[in-house]
Amino acid sequence: MASLRVFSTTSHQPPLLPSSLSLNPLSTSPRFVKSPSSRRRPIRSVLQFNRKPQLAGETPRIVVITSGKGGVGKTTTTANVGLSLARYGFSVVAIDADLGLRNLDLLLGLENRVNYTVVEVLNGDCRLDQALVRDKRWSNFELLCISKPRSKLPMGFGGKALEWLVDALKTRPEGSPDFIIIDCPAGIDAGFITAITPANEAVLVTTPDITALRDADRVTGLLECDGIRDIKMIVNRVRTDMIRGEDMMSVLDVQEMLGLSLLGAIPEDSEVIRSTNRGFPLVLNKPPTLAGLAFEQAAWRLVEQDSMKAVMVEEEPKKRGFFSFFGG
């Protein structure tokens with residue numbers, strides 16, 4: 001029977017050892033295996049962390065992170081991918097576009113520093129640079145919130161206002177950021193339409209369950225109708241033990257159902273709750289967790305506009321003991 005263990009490789013390279021197997025992702029030392037011709041050839045990490053990723057496409061890259069279904073990890077993905085991009089040396093502005101239930105500032109540990117929002121900028125109460133909150137850990141990462149939790153939005157706020165905001169970020173005196181990441185609210189109502197309006201590419205976050213997949217398929221159609229063709233997905237909360245027991249769909253099954261390029265597969269990790277409560281994203285943990293490494297790899301592929309493949313391999317046959325001869 002086919003196994004349900006999933007390995008990942010980049011789309012333009014042959015299957016290699018996944019980089020998450022290395023204890024040190026920054027290590028440059030190759031691993032060697034014997035080829036059939038008995039010569040030794042190096043097998044390197046799929047993601048070469050010994051070099052800076054090459055930024056593809058025109059800047060700024062405007063990426064909306066969405067899902068349709070709530071609670072699948074959009075905000076967690078925004079925080080970790082955004083900080084990973086900053087650690088790679090790119091300037092990043094993350095916009096929390098959830099108009100009534102913002103949480104991105106909590107995950108980043110910046111909730112006490114949000115004094116002004118986009119609402120105050122539109123009302124003329126402050127400048128745009130005053131509403132941007134610069135992270136003290138990585139100065140090339142900035143947070144911008146649309147509104148305060150209990151404030152009322154202007155009647156005319158919508159996609160056009162967010163487009164004006166993005167244009168203002170492009171033309172600010174200190175220079176345009178390399179990435180503008182928009183954390184999209186759950187659902188497909190007006191907030192969703194507002195968040196996707198200025199974007200030219202999307203990252204769809206889903207989990208391997210049928211309710212999230214149905215919503216993800218619906219959101220994919222809406223993104224394509226809005227003219228966003230560059231759509232990649234991240235499969236979150238993957239549990240290999242449940243996949244092996246056929247209680248959860250594999251990443252390959254999810255990819256075949258949605259028909260999207262795969263940006264990353266994030267394993268289930270209890271450290272996510274701890275990092276959320278501390279306001280300390282996973283990618284900053286030392287030593288790194290498996291989920292944190294997976295987010296870093298997804299950010300690397302996002303920079304180079306790359307994707308990965310989910311590969312299904314066969315399970316190893318169980319060892320047959322002495323009593324197997326008698327049917328045991």
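User: Which residue does Arg239 meet in a salt bridge?
Analyst: Keep in mind that this is a predicted model. In it, the side chain of Arg239 meets that of Asp241 in a salt bridge, at 2.9 Å from N to O.

User: Are those two buried, exposed or partly exposed?
Analyst: Arg239 has 34% relative accessibility, so it counts as partly exposed. Asp241 is at 41%, so it is partly exposed as well.

User: Which residues get joined into a network by salt bridges that share partners?
Analyst: Arg134, Glu142, Arg172 and Glu174 are joined into one network that way.

User: Where is Arg172, and what does it touch?
Analyst: Arg172 is in the loop between helix H5 (159-170) and E8. Leaving out residues up to four places away in sequence, it touches Val93, Leu132, Glu142 and Pro177. With Glu142 there is a side-chain polar contact of 3.0 Å.

User: Is Arg172 buried or exposed?
Analyst: Buried: its relative accessibility is 12%, and the cut-off for buried is under 20%.

User: How many salt bridges are there in the structure?
Analyst: The structure holds 14. One of them is between the side chains of Glu201 and Arg61, at 2.5 Å from N to O. That pair links distant parts of the chain, with Glu201 in strand E9 (residues 201-206) and Arg61 in strand E4 (residues 61-66), 140 residues apart. Both Glu201 and Arg61 are buried.

User: What about Arg137, which residue does it bridge to?
Analyst: Arg137 forms a salt bridge with Asp135, and their closest N and O atoms are 2.8 Å apart. Arg137 is partly exposed, with a relative accessible area of 31%, whereas Asp135 is buried at 2% relative accessibility.

User: OK, switching to rings. How many aromatic pairs are there?
Analyst: The count comes to 2 aromatic pairs. In one, the ring centres of Tyr88 and Trp300 are 5.4 Å apart and the planes are at 90°, so the pair is edge-to-face. Tyr88 is in the loop between helix H1 (74-87) and strand E5 (92-96), Trp300 is in helix H11 (residues 290-303), and they are 212 residues apart. Tyr88 counts as buried at 15% relative accessibility, and Trp300 as buried at 3%.

User: Which residue pairs with Phe90?
Analyst: Phe179 does, also edge-to-face, at 6.0 Å centre to centre with 75° between the planes. Here too the pair links distant parts of the chain: Phe90 is in the loop between H1 and E5, and Phe179 is in strand E8 (residues 179-183), 89 residues apart. Phe90 is buried at 5% relative accessibility, and Phe179 is buried at 0%.

User: What sits over the ring of Phe90?
Analyst: The charged end of Lys52, 4.8 Å from the ring centre.

User: Now the core. How many residues are in the largest nonpolar one?
Analyst: It has 48 residues, and Ile95, Leu144 and Ile182 are among those with the most contacts inside it. H5 gives the most to this core, with 6 residues. There is also a second, separate core of 40 residues, including Val63, Leu83, Ile234 and Val303.

User: Last one: what does Cys184 touch?
Analyst: Not counting residues up to four places away in sequence, Cys184 touches Val64, Ile65, Thr66, Lys74, Phe192 and Ala195. Its C-alpha is separated by 5.2 Å from that of Thr66, which is 118 residues apart from it along the chain. Cys184 is in the loop between E8 and helix H6 (190-196), and counts as buried at 3% relative accessibility.

Note on methods. Residues are numbered from 1 along each chain as its sequence is written. This is a predicted model: local features need pLDDT of at least 70, side-chain atom pairs count only at pLDDT 80 or more; totals for chains, interfaces and linings use all residues. Side-chain values use heavy atoms; hydrogens and water are left out. Rings of Phe, Tyr and Trp (its six-membered ring) pair if their centres lie within 6.5 Å; planes under 30 degrees apart count as stacked, over 60 as edge-to-face and the rest as tilted. Helices (H or I, at least four residues) and strands (E, at least two) are DSSP runs, numbered from the N terminus. Buried means under 20% relative accessible area, exposed over 50%, partly exposed in between (1.4 Å probe, protein chains only). A charge sits over a ring if NZ of Lys or CZ of Arg is within 6 Å of the ring centre and within 35 degrees of the ring normal. A polar contact is a pair of N or O atoms within 3.5 Å; within protein, one must be able to donate a hydrogen and the other to accept it, and residues adjacent in sequence count only if both atoms are side-chain atoms. Contact means heavy atoms within 4.5 Å. A nonpolar core is a set of buried Ala, Val, Leu, Ile, Met, Phe, Trp, Tyr and Cys residues joined through side-chain atoms within 4.5 Å. A salt bridge is a side-chain nitrogen of Lys or Arg within 4 Å of a carboxyl oxygen of Asp or Glu.
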